[in-house]
Amino acid sequence: MNRSKDLDTIAPDDPILPTQKTEKKAAKTEKTTNTFSQNLELSSKETEFKQEVYNLLGHSKSSFSNFLVNPKVLTFAEKESGEVIYLAVRPHLISNLSWISMTILMLFIPLFFHYFSFLDFLPLNYQISAIFFWYLITFMFSFEKLLSWYFDFYLITNKRIVDISFNNLLNRHFAQTDISMIQDVSSSVKGVLATFFNFGDLLIQTAAEINQINFEKVPNPQKIIRLIKELQEVEKSNRQGGSND
């Protein structure tokens, strides 16, 4: 049988080239490897910076602490993917002194009711109900103040500064600004108690829509300023590194 002249054209003896599917698979594998390497590098840098935060701010473990460094279980509804909380600050414990004193005073007030005649016209069971109602108001007052202190947080993350204020059960305030938008940070420590216990107000000026965020009566204000400055340096170096690439 005669060989077709077009046989070499129809079935050349050239090596078989990779298919488009194989090329895509190889590209996907390379991309996955690069992404894993980048994530591993970021994770390593994150761990190193967390250790720097510990060295700068110290350690804290109690959930009732007013200065939580690298908290592991704390989160908030607006937290973004990949966002890491470096510091969570509550108002200093001493800031609760005023409402605690008021609560103690309210607890003792019913003991003086028998010195006044404004309840004498009521039957005994109504007088007992009035005293019970007074203690209920006292409990609600102190409980709301405790919740307000416990859930009031000033957060510093790897991306932004966050102010979460729990004013009451029906009123919650949220404000935030990116690290890159911070223009100036200043602190103010006033009074004997504030000086002795080292707490004060922190004013953060920003170029964002919310032009300032106030950290009120927070402990160790100078350490917080140092952490913010460190984050600004990290953010600046990351921005310059990205522009060079």
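Biologist: What pattern of helices and strands does the chain follow along the sequence?

Modeller: The predicted chain contains six helices and eight strands. Read along the sequence, these elements follow the pattern α-α-β-β-α-α-β-β-β-β-α-β-β-α.

Biologist: What share of the residues in the chain is buried?

Modeller: The chain exposes about 17200 Å², and carbon and sulfur atoms supply 59% of that area. A residue counts as buried when its relative accessible area is under 20%. Of the 245 residues in the chain, the buried share is 29%.

Biologist: Are Arg160 and Glu83 buried or exposed?

Modeller: The side chains of Arg160 and Glu83 meet in a salt bridge at 2.8 Å, N to O. This pair links distant parts of the chain, since Arg160 lies in strand S4 and Glu83 in the loop between S1 and S2, 77 residues apart. Relative accessibility is 5% for Arg160 and 4% for Glu83. Because buried means under 20%, Arg160 and Glu83 both count as buried.

Biologist: How many residues apart in sequence are the parts tied together by Glu80 and Lys159?

Modeller: The side chains of Glu80 and Lys159 meet in a salt bridge of 3.5 Å, N to O. Glu80 lies in the loop between S1 and S2, and Lys159 in the loop between strand S3 (153-157) and strand S4 (160-168), so the parts tied together have a sequence separation of 79 residues.

Biologist: Which helix gives the most to the nonpolar patch on the surface?

Modeller: The patch is formed by Ile100, Ile104, Leu107, Phe108, Leu111, Phe112, Tyr115 and Tyr135, with about 800 Å² of accessible area together. Tyr115 is placed in the loop between H3 and helix H4 (124-151), and its relative accessibility of 61% makes it exposed. The most residues, four, come from helix H3 (residues 97-108).

Biologist: Which elements give two or more residues to the patch of negative charge?

Modeller: Glu48, Glu52, Glu230 and Glu233 gather in this patch on the surface. The elements that give two or more residues to the negative patch are helix H2 (20-57) and helix H6 (221-244).

Biologist: Is Asn66 buried or exposed?

Modeller: Asn66 lies in the loop between H2 and strand S1 (67-69). Beyond residues up to four places away in sequence, Asn66 touches Ala88, Val89, Arg90, Pro91, His92, Leu93, Trp149 and Pro219. Its relative accessible area is 11%, so Asn66 is buried.

Biologist: What is the phi of Asn198?

Modeller: Asn198 lies in the loop between helix H5 (192-197) and strand S7 (199-206). Asn198 is partly exposed, at 36% relative accessible area. Although Asn198 is not a glycine, its phi is positive, at about 55°.

Biologist: What is the phi of Asn70?

Modeller: Asn70 is found in the loop between S1 and strand S2 (85-89). With 6% relative accessibility, Asn70 counts as buried. Its phi is a positive value in a residue other than glycine, near 45°.

Note on methods
Residues numbered from 1 in each chain as written. Predicted model: local features only at pLDDT ≥ 70, side-chain atom pairs only at ≥ 80, totals over all residues. Heavy atoms only, no water. Patch = residues over 30% accessible without salt bridge, like charges linked within 9 Å, V, L, I, M, F, W, Y side chains within 5 Å. Areas by Shrake-Rupley, 256 points an atom, 1.4 Å probe, with all protein chains shown as cover. Salt bridge = Lys/Arg side-chain N within 4 Å of Asp/Glu carboxyl O. Lys, Arg positive; Asp, Glu negative; His and termini not counted. Charge placed at Lys NZ, Arg CZ, Asp CG, Glu CD. Buried < 20%, exposed > 50% of the residue type's maximum accessible area, 1.4 Å probe, protein only. Contact = heavy atoms within 4.5 Å.
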